[in-house]
Amino acid sequence: MNIFDRMMSLDRRWVFLFLALVCVITHVVPFSIPIIITQEAKSIYSFIDTLKEGDIIFMAIDYDPNSLAEMHPMTYAIAEHAFRKKLKIIFTSLSVNGPGMADLAIRDISDSVKIGKTYNGVYYEGREVVNGIDYIFLGYKPYPALVIVGMGQNFRLPFPTDYYGTPLDEHPIMQGVQNYDQIKCVVDISGTSGVDMWITYGQGRYNFPLALGLTGVMAADYYPYLNSGQVFGILGGLLGAAQYEKMADNPGRAVDGMRVQLFAHIVIILFIVMGNVGFLLSRRKARKD
Amino acid sequence: MEQLSVGTFIWMSVAAFFTLATFSFLYKDNPFYKLAEHIVVGISAGYFLIILWHNGLQPNLFNRLEDGNWYLFWLNSSRPWYIIPAILGAMMWTRFSRKWSWVSRWPIALYLGIATGLAIPLEMRNRVNRQLYSTMSEVDWGNFFGNGFLDSTAGFSQLLIFLGVISALFYFFFSKEHTGVFKGIARFGIWILMIGFGSSFGYTVMARISLFVQRIQVLEDYTTTAWTGSGVFLLIWFITFGIFVIMAAYELIRFLTRKQSATPS
Amino acid sequence: MKLKLLIFLCLLLFLIIPPSWGQEDATMENPADTLSIPPPAPVTNLRANDVDNDHGHAIEVRWTKSVDDGAGLNNVFGYVVYRALSPEGPFEERGRVPIGEEYYNDVGSKEKESIAYMPDYTNYFYKIRTLTSDSTIFRDTGVLGPVYSYGQWFNKARIPVLIFVAGFLIVTLFFISKAKSGADLFVRQLAGIEAVDEAIGRATEMGKPILYVLGLGTASEIATIASFTILGRVAKKVAEYQTGLIVPCYDPIVMTVAQETVKASYMDAGRPDSYNDDMVYFVTQSQFAYVAAVNGTMLRELPATNIYMGKFFAESLILAETGALAGSIQIAGTDEIAQIPFFVVACDYTLIGEELYAASAYLGREPILLGSLKAQDYAKAAVIFIAIIGFITVNFGWTGFTQLFEVPNSFFSQLFGGPS
Amino acid sequence: MKRQLPLVLVFIFGVFMIFQYFVPHESSEWIFEFLLDWIYIIGIFAMALAIYSLVRVSWDKIKHRRENWQYAVMTLLGLFLMVLFGFDYGRHFFSAEGLQNFMFRHFFDYIMIPIQATMFSLLAFFIASAAYRAFRARSLLASLLLISALIVMLRFNPYLGPVAEYMEKTASWLLNVPNLAAKRGIIIGVGLGIVATALKVILGIERNYLGKD
């Protein structure tokens, strides 16, 4: 048995063992991998990065727990970046099972912002992110289309109080904030069809800058909106989240996940190439014989 | 962190044990896998039996007949017609007898009649009419080459989708040998099919890897719990993993010794 | 004196003004007061009728939007549809519609027990309220009515489907009668089908059984029904060759029908004694527990051939790879598009999509079945023809032809869900 | 009676269901829902046959001490325990409280779920081994399969340098254009196949499933 035959007919258990080892090691050992930054992800990052301290952005957390693995890293990456830049955030969740999850995410992010860290060479002092001053969580209301249109008139129409029951006017962040005119952009992180409503009823009617975070499967369907300029950026799935984490120099779970994915894919591709090299060479040899 | 009870930890260990037992199948069929396999078959069959009883039979049959009396055959209940499916269902049980088993063909015939009749218009609409309608779409001739490299919304892509659908349908043509022009079109059809299969295979890899990563995370969480918990936890953890480590070591030794004995001959 | 009076009045003013300023402040916080909106114009041209092509219990309300919606005063926030049982009221809110929209479907439940119950042939009265962002400022229309809902006996929107089904039926009957009269019906060869015969022969030589997996579909899925017919043919050959047959099942009814099918095939082959009910057995109704058991069977019984026909989901590749590990020849067929690539990659032969439905005609070679296969082919030719004509006409700017084939959405798109 | 009546039943109910689709009226819907309930209930009753089959096969194994008979004991034990817990040790036959039984839940959460999830995750390995084994450039068709899969798998690989961008664009084009065309072609064909098969059953051309005697 020559080497080519061996390359072709390797016991599959070696494939299994090698793949399992690579997955476990890349999962456990933290190291950084290059991540290609696409234009549609970069435009979201640079938009938020160039905002001034005290500017308000709007984040809609519109996914269910079952797409949590893909979508949560985006929420974390964007919100933490914004808080580090001392921006203010208005959160909503227009998906029924979203609010509890969003609430937890907000607490997690505020915990993480308490610790001082250096991003892209700049040191950001840790600070307390305060509900009502730095952010407000409006919660959930049914009929997303109506809520989105309603907020275009005044945030107080669909949401007289926030998620925790406090009237909006008691929060300093809402002083002078009426509708989308006072916020810089809307970021919709969505695993549902709610994203269509943000495009038609929100952006279509009130013309605010809209960025989307979508599941990997959905992302492809929304590129036409990018071309038409209705959406200024898209993050697609775990890959999109990893790009954002990379740009914000804040590697988190998305980069961790991508590390495993990348190397698992490379292992599979290597095995395919190995099998093919063996196959082609042994065929050539057979022809010579 | 909240202190876990030993009981809960033992349950977690059971889960970890069965996870590892199932993974051991990748090496070869072995007693642990056999155990996991047979247990899960029994438990899941029991689980579905119970679910069907509580969530199927009760709301769909018992609750509808419950205001009747059994000695009147529930005919005095508010929805007496629900006795019909119960009788049909009971007819299935004639299969326990060799002599009467043909009676069970009636409910089966009903079942298949309903299923097929239901399928015809629905499938015609959803699969044929719908897809046919979306195939007959306008091509963006003004933007034929699209913006940039391989634009999937460009005119040529739309045209290719149309040609692909038509030639794939040609490929499935049974009444004609693939010869002449027909051969060309059918060949293009099978190319499109193969490219489609390849890309959808490649696309799925990512989702499948994440399934494995989730299992690693479960085992990782289990290990962290053990190492941050008390000595009892650690002991159980060692036993759970130890079984498989010993098994792996045994197999490794066998593999190495076999190699050595194989080389001289 | 006058000066003194003036100073006194000014002092008095100062005493009075501060508290009233404070009051002003308090009301300033209410956004509604700050906006102080004039009432908008009402909607016009209000009309309502029963929703067509449905089971009743729904009324469609249409109007022309307020002139202040997106123009004029531009202060409209939305519309509310109100309904009452008499022109005097009381009116209840039925739904809200965002600005720009000009219709609302008032859909009720047909269940008498439901709170949303909306009886047919009952007179209803409607009015539309035009809202502003201040909930106290709005404008109502006059009352419209009476309107009532009722069910239709024919769904006109589904005429294209009816035509297709009827056409297909006629073609099928034509070819079946042609087949019965003894016409020679040609069908080309299919590699996957030829393989089935070879595989059974191979199993006999090796003295090993054949494993037939019917998939995860219930008996109500047509793919499973097609699989029964293939199982029938396979079982007949197996009975003739006296090879073993293993059929693990996922669904109780599928098991029952499969038992009948295999038994009938053994009788056809003249070997009813060789049949026993344990060839076709039930495993469990849980996707991966089933897979675990079938995997175990493959590695322990080492079947010569594995045949997978029917509905398959994520387990397709697990089964096919384990089968390859056991060294079996594998033939698969499924109409589940997401799984075809995995079978194509991992199995020796794959019946792609509709080839699964053609297989029983191929295996049986009975003229009537071939007739039905011919009908299927001619229907396909018709579809290709229509698609080409439609494509050309649409691209020349005439949509009249394609409009004939448009079928609107409906509720029952996915009735029988399977595991995914 | 044994063979003709079932064929007649299939025909009558099949034709009824086809017409039902075009009649939106409430009464037609009522029958439709009632019939769906029928087949659901028939299915549940058939579960008894299925469990009987499972028990008999396992019991035979144990009785005749066939290979691996010890494991068949585990199957029967699992089944028996689950049913026992599901009825809350016989305390709750007619209320769903058994579903909240401690042991029922724990057997489900800590045995059934982990094994099933792990079984599912084996796909990560099988997708790798299938790719290794089958993706060989044997013929033009196999090469097309191989190349398109490789391109899609390389779509986010950063080590490709300047090629990476084109790789990503090609991958998304492959998924949105040829893949869509292939799917659509198959769907239309499958639709016709389904209708043809269903018609064969309704018209009684395909009647194997009704057995023989």
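View 1. In chain A, 72% of the contacts with a separation of 6 or more join residues 24 or more positions apart, a contact being a pair of residues whose C-beta atoms, placed from the backbone, lie within 7 Å. This is a predicted model, in which local features need pLDDT of at least 70 and side-chain atom pairs count only at pLDDT 80 or more, while totals for chains, interfaces and linings use all residues. Residues are numbered from 1 along each chain as its sequence is written, and chains are lettered from A and ligands numbered from 1 in the order in which they are written. Of the 289 residues in chain A, 47% are buried, a residue being buried if 20 or more other C-beta atoms, placed from the backbone, lie within 10 Å of its own. Chain A has 11 helices and 8 strands, which are DSSP runs numbered from the N terminus (helices H or I, at least four residues; strands E, at least two). The C-alpha trace of chain A spans about 85 × 40 × 30 Å along its principal axes.

**View 2. The contact between chain B and chain C.** Chain B brings 48 residues to this contact and chain C brings 52 residues. On the side of chain B that touches chain C, at least two residues each come from helix 2 (31-65), helix 4 (105-135), helix 5 (155-171) and helix 6 (180-228) of chain B. Helix 4 of chain B gives the most, with 18 residues. Sorted by class, this side of chain B holds 29 nonpolar, 10 polar and 9 charged residues, where Ala, Val, Leu, Ile, Met, Phe, Trp, Tyr, Cys and Pro count as nonpolar, Asp, Glu, Lys and Arg as charged, and the others, Gly among them, as polar.

**View 3. The contact between chain D and chain B.** Here 106 residues of chain D are in contact with 98 residues of chain B. Among the helices of chain D that each supply at least two residues of the side touching chain B are helix 1 (4-22) and helix 2 (26-63), while helix 8 of chain D gives the most, with 21 residues. This side of chain D divides into 82 nonpolar, 19 polar and 5 charged residues.

View 4. Chain D averages a pLDDT of 89, and 99% of its residues score at least 70, pLDDT being the predictor's confidence in each residue, from 0 to 100.

Key:
Contact = placed C-beta atoms within 7 Å. Buried ≥ 20, exposed ≤ 12 C-beta atoms within 10 Å, placed from the backbone.
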